[in-house]
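Let's take a friendly walk through this model, starting with a sheet and ending in the loops. Keep the structure open beside you as you read.

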Amino acid sequence: MGSGFWMNCPKCKERYSFSFGAGFLTFTKNIERVVYYCPKCGNWENKEIKTGPTPEKSLKALEDFLEKGVPLPELLKKKRHFEICQKCKSRMKTMKDIDIDNLPILVCKKCNEKLKYDMAYCWD
Ligand SMILES: [Zn+2]
Ligand SMILES: [Zn+2]
């Protein structure tokens with residue numbers, strides 16, 4: 001079962017749904033929904049990503065690369081583990097589940113106003 005939440009724009013009343021995880025159908029196809037968000041400008045994308053076994057080693061190499069600038073093995077470079085914000089070119093962060101108390105700033109796609117949390121839901 002997947003989870004998600006709604007957010008409202010207080011200015012133009014647009015409503016957005018953010019969904020996470022895998023429902024019954026997507027789970028069987030190794031598809032998972034995540035939200036990429038930009039910590040700088042609040043831009044976001046709710047995307048479906050292919051999941052699969054991620055070896056611990058690859059994750060560690062990626063972390064080293066991001067933190068210390070250690071060169072990545074060629075194989076890893078081909079995989080896109082992160083997204084670049086289309087608006088400000090910052091590296092976007094990934095949100096994989098709802099954390100109501102620590103919601104990042106997400107802005108309205110239409111008017112750029114900061115969205116307000118509405119309610120959580122489940123999906124499958
Ligand atoms: Zn708006
Ligand atoms: Zn941005």
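Which residue in β5 is the bridge partner of V35? The partner is M95. Before going further, note that this is a predicted model, in which local features need pLDDT of at least 70, side-chain atom pairs count only at pLDDT 80 or more, and totals for chains, interfaces and linings use all residues. Residues are numbered from 1 along each chain as its sequence is written, while chains are lettered from A and ligands numbered from 1 in the order in which they are written.

Strands here are DSSP runs of E with at least two residues, numbered from the N terminus, and two of them pair if DSSP finds at least two bridges between them. Together, three strands form an open sheet in the order β4-β3-β5, with antiparallel pairing. Its edge strands are β4 (44–50) and β5 (93–95), each of which pairs on one side only. From one strand to the next, the twist averages 40 degrees, where axes are lines fitted to C-alpha atoms and angles run from 0 to 180 degrees between N-to-C directions.

Now for the loops. Between β1 (2–8) and β2 (15–20) sits K13, a residue other than glycine whose phi is positive, near 65 degrees. K13 is exposed, with 10 other C-beta atoms within 10 Å; the cut-off for exposed is 12 or fewer, for buried 20 or more, and partly exposed lies in between, with C-beta atoms placed from the backbone.

N112, in the loop between β5 and β6 (116–123), also has a positive phi, near 70 degrees, and is not a glycine. N112 counts as partly exposed because it has 14 C-beta neighbours inside 10 Å.

Methods
Helix = DSSP H or I, 4+ residues; strand = E, 2+ residues; numbered from the N terminus.
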